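Me: I am new to reading helices in a model. Please take me through how they cross and touch.

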Amino acid sequence: MWYLRRLFEWIIEKAHSRYGVAILFIAAFFESVFSVFPFMLLFIPLIIANLDRAMFYGKVAAIGGILGATVGYFIGYFAWVDASGDYTAIARFFFDHLPGFSVAAYQSIQGLFDKWGALLVFAAGFVPIPFELVTISSGVFDV
């Protein structure tokens, strides 16, 4: 677990550097696409060090997260079905290698997203599931 301690020390060091805001933006961006490390590990020390800039840091993190979520959406949108309407190699990989997941299961989930898509995405913000799954799934199911 020494590597976690080292990562934590690096984050604290960077939070107090002049690149702290840029690293916060990048971390929030990538956290919305795929989990690298929780950007809160950087966000909290930045706020504690500069309470008067807390709203600014919140805006930076929000913009980074929104842009990252947009990229995640487009990854799902373009990686699942190609322009001709056929499934891509990525989709076929999931159909072939994920137990219990088939074209019929995908179409069943597609029906749920067609009916409840916006509500599912909204509700996902309040449950403990990785947000990047929501953004990519939104793209896959064209919400």
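**Helices that cross**

Reply: In this predicted model, the axes of helix 2 and helix 7 come within 6 Å and cross at roughly 60 degrees. Axes are lines fitted to C-alpha atoms, for helices over the stretch in contact, and angles run from 0 to 180 degrees between N-to-C directions. Helices are DSSP runs (H or I, at least four residues), numbered from the N terminus.

Me: Which residues of helix 2 and helix 7 meet?
Reply: Contact means heavy atoms within 4.5 Å. Glu-31, Ser-32 and Val-33 of helix 2 meet Phe-131, Glu-132, Thr-135 and Ile-136 of helix 7. By class, this contact has three nonpolar, two polar and two charged residues. Ala, Val, Leu, Ile, Met, Phe, Trp, Tyr, Cys and Pro count as nonpolar; Asp, Glu, Lys and Arg as charged; the others, Gly among them, as polar.

Me: Which residues are buried in helix 2?
Reply: Buried means under 20% relative accessible area (1.4 Å probe, protein chains only). Here they are Gly-20, Ile-23, Leu-24, Ala-27, Ala-28, Phe-29, Ser-32 and Val-33.

Me: At what angle do helix 4 and helix 7 cross?
Reply: The axes of helix 4 (residues 54–80) and helix 7 (residues 131–140) cross at roughly 45 degrees and come within 6 Å. Angles under 35 degrees count as roughly parallel, over 145 as roughly antiparallel, 65 to 115 as roughly perpendicular and the rest as oblique. Helix 4 and helix 7 are therefore oblique to each other.

Me: What should I know about the numbers?
Reply: Residues are numbered from 1 along each chain as its sequence is written. Side-chain values use heavy atoms, without hydrogens and water.

Note on methods
Predicted model: local features only at pLDDT ≥ 70, side-chain atom pairs only at ≥ 80, totals over all residues. Buried < 20%, exposed > 50% of the residue type's maximum accessible area, 1.4 Å probe, protein only. Helix = DSSP H or I, 4+ residues; strand = E, 2+ residues; numbered from the N terminus.
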